[in-house]
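Let's take a walk through this model together. Have a look at it below, and then we'll go through it piece by piece.

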Amino acid sequence: MNRWKPGNRITIIALVLILAFGGLVYRLVDLQILHASTYSEIARKQRMEMTSLIPQRGSLLDRDGQILAFSREVYSIYATPYQIKDPDTAAAKISAILKIPQSQVLQKLRSEQGFVYIQRKVEKDLADQVRELNLAGIGLIKENKRYYPQETLAAQVLGYVGMDNQGLAGIELQYEGILGGTPGEVVFEKDPSGEPIPGLSQVKTPPQDGRDLTLTLDMDIQYKAEAELATAVQASKSKSGNLVIIDCRKGEILAMANYPYFDANKFPQTPAALTRNRVLTDIFEPGSVMKVATAAAALSEGVVSPGSIIYIPDQLQIGDATFKDAHPLDEDQITFSEVIARSSNVGTIKVAQELGKDRLLKHLRELGCGAPTGVDFPGEASGMLPKSSSWTATSTATLSIGQGVAVTTIQLATILAAVANRGIMVKPHLLLRSTHRESGDSEEYQGEERRVLDEETALQLTRILEGVVHHGTGTRASMQLYNAAGKTGTAMKPAPQGGYLKAYMATFAGFAPSENPRLAMVITLDEPTPIYGGLVAAPCFSTVMEFALQHLQVPPSIRKVNTRDLVKVE
Amino acid sequence: MQHALRTLPAEREWRAPAKERERERSSQIGVKTQGRVRTRRVYLAFLLVLFLLSALLFLVAALNVTISQKGYRLRQLEEEIHREKKAQESLRLEVAKLESPARIERIARQNLGMILPSVTELVGAGGKGVLSKGP
């Protein structure tokens with residue numbers, strides 16, 4: 001009986017309470033101190049969710065701010081197949097909205113995967129219709145889609161992006177690091193239904209949108225260049241053609257056109273050959289256009305002057321090779337200026353022999369032959385300049401007239417631009433500036449330049465090249481309002497197994513206005529009919545160059561040298 | 001208490017004078033009154049703290065409600081900004097398509113019957129026109 005005295009009972013209750021309280025304290029210590037981090041992490045995972053924030057890809061703009069490429073928000077529709085109760089009905093409804101075969105949708109809905117895309121990058125209005133169906137197991141993800149509103153314009157230059165918005169070709173690839181931006185991360189607290197609780201989301205890392213790139217391209221000049229190139233290719237039944245226009249003082253590329261062209265919005269269905277920017281990737285033997293480099297070397301070294309008299313035999317025998325002029329000359333003695341104006345192979349070879357192998361090779365290298373120009377575009381070809389050790393007895397002769405050497409269109413344009421720019425070669429480039437979308441701060445492209453010819457040589461060569469347009473092989477390059485300087489080229493295409501094909505590349509390379517040059521341009525046609533650059537490429541030069549100069553509000557030439565009213569175009 | 005005092009032997013031996021006993025009794029009554037006053041003050045202080053705590057709780061609750069409301073409003077505004085930005089993007093894209101030189105030339109040629117000029121006209125500062133033959 002003593003055991004159940006009031007005092008004992010109080011003691012027992014107190015003990016029980018103390019034990020219970022102790023247990024609570026222990027549990028609290030366990031939860032809050034010993035395993036606090038573990039439980040905290042479990043709780044955080046249960047109520048917090050992290051998702052990535054997709055950055056907006058930067059736009060591509062022409063030099064006047066016209067949009068060339070632009071990213072817009074779209075939706076990708078996906079399915080979690082095991083959550084779909086009635087795949088047949090769901091497939092019927094979805095296929096009716098997305099206009100894709102029902103069987104195709106059904107196949108995806110019956111897939112055994114946990115996640116499957118039904119269709120990627122769907123426009124917002126269609127996505128909204130699918131959302132309104134409110135089907136269990138069907139969801140939408142926000143994505144960005146790249147649009148090229150000008151469609152075919154400069155498609156080979158701009159390039160394209162893949163399904164995940166990464167640049168795959170062209171400028172899109174070259175400047176992926178600047179255009180692509182950096183994804184961000186957002187953490188949000190969700191309610192029991194899984195919906196985010198307002199005000200409790202926290203941007204852990206904000207996404208860094210890509211910067212907008214302003215290119216050196218001028219949309220109007222690019223359009224005119226593409227249109228005239230297409231006309232030239234079609235009229236001459238060429239396989240293809242390309243052209244480039246460079247601001248010879250700044251190295252800015254105002255137009256870079258390829259034909260046939262393609263719609264950048266439809267690049268997955270386009271053959272790979274069409275997407276190539278041939279201005280930079282394709283090399284060819286330039287033929288007589290290379291006489292500009294030979295002349296530059298000869299004038300620089302003082303081997304000849306523009307007025308030097310050159311004796312022109314009917315043919316020239318070097319080793320076992322015989323060289324002739326494509327069009328035999330009436331006179332047997334002409335000035336060096338006339339040798340270039342009339343594109344005499346024999347005269348040029350004689351001057352090159354006087355110059356010698358080493359000096360010719362040195363100047364060709366200085367002018368950039370056999371090395372990429374460094375233009376900001378992926379996949380630029382280097383061209384081909386044989387090593388000194390591999391030169392044969394005829395190499396000096398053949399290289400001086402543009403055979404046995406291969407260049408890209410951009411290399412030729414850079415050489416012509418250097419002559420036009422009084423001997424200073426400026427690295428060609430496509431980027432003008434990059435701009436931050438929100439802050440508007442911009443970074444200008446820093447150009448590079450180097451002297452490759454002395455000023456006097458460049459001026460002498462300019463006068464010689466004016467003669468080509470005035471009365472030489474390039475009279476069809478003359479314009480109404482501006483004096484031009486340039487050189488024609490017609491070269492046989494080398495055969496893969498050696499030797500040459502009965503197929504030609506026609507070229508015209510020139511600049512204008514010749515008295516105060518602003519633009520240099522090269523146009524190349526692959527297998528045209530007729531074959532001569534002066535007949536098929538020069539007229540295109542005339543039309544496009546005149547348009548470009550007028551568009552840039554360049555004052556017309558006052559001292560008429562070879563404008564069309566003075567030049568009789570045959 | 002008195003009973004306990006009486007049982008003490010020392011108390012039995014010594015008894016205080018009547019006046020002093022009276023004074024002592026009065027002081028004991030004063031102590032009791034002071035105790036009651038202190039208890040009341042503690043009670044009042046407790047009530048005050050309770051009131052303040054309750055007020056604080058209400059304040060916190062009200063603030064939370066306001067924050068939630070503002071949060072919803074903020075989210076609505078953010079969504080609205082997002083929508084407007086997307087609309088702006090669509091319009092920019094539309095403008096870019098409309099400004100396409102290919103489209104303009106097509107409309108000029110097909111719908112308006114325009115052709116490229118065959119003559120380039122240069123107008124001098126004095127207003128005298130200079131004509132140049134076209135291609």
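**A guided tour**

Start with chain B, whose elements, read from the N terminus, run α-α-α-α-β-β. That comes to 4 helices and 2 strands, where helices (H or I, at least four residues) and strands (E, at least two) are DSSP runs numbered from the N terminus. Before going on, keep in mind that this is a predicted model, in which local features need pLDDT of at least 70 and side-chain atom pairs count only at pLDDT 80 or more, while totals for chains, interfaces and linings use all residues. Residues are numbered from 1 along each chain as its sequence is written, with chains lettered from A and ligands numbered from 1 in the order in which they are written.

How much of chain B is buried? Buried residues make up 1% of its 135 residues; a residue is buried if 20 or more other C-beta atoms, placed from the backbone, lie within 10 Å of its own.

Now see how the two chains meet. Here 22 residues of chain B are in contact with 17 residues of chain A, contact being C-beta atoms, placed from the backbone, within 7 Å. On the chain B side, helix H3 (18-98), helix H4 (101-110) and strand S1 (120-123) each give two or more residues. The largest share, 13 residues, comes from H3(B). By class, this side of chain B has 9 nonpolar, 6 polar and 7 charged residues. Here Ala, Val, Leu, Ile, Met, Phe, Trp, Tyr, Cys and Pro count as nonpolar, Asp, Glu, Lys and Arg as charged, and the others, Gly among them, as polar.

Over to chain A. Its domain assignment gives domain 1 (52-215) and domain 2 (219-541), with bounds from an automatic or database assignment. Their centres, taken over C-alpha atoms, are 45 Å apart. The contact takes 29 residues from domain 1 of chain A and 26 from domain 2 of chain A. On the domain 1 side, helix H6 (155-158), helix H7 (170-174) and strand S10 (212-215) of chain A each supply at least two residues.

Finally, find helix H11 (residues 291-300) and helix H16 (residues 409-420) of chain A, whose axes come within 10 Å and cross at roughly 40 degrees. Axes are lines fitted to C-alpha atoms, for helices over the stretch in contact, with angles from 0 to 180 degrees between N-to-C directions. Val292(A), Ala293(A) and Ala296(A) in H11(A) meet Ile415(A), Leu416(A) and Val419(A) in H16(A). By class, that contact has 6 nonpolar, no polar and no charged residues.

Definitions and conventions. Buried ≥ 20, exposed ≤ 12 C-beta atoms within 10 Å, placed from the backbone. Contact = placed C-beta atoms within 7 Å.
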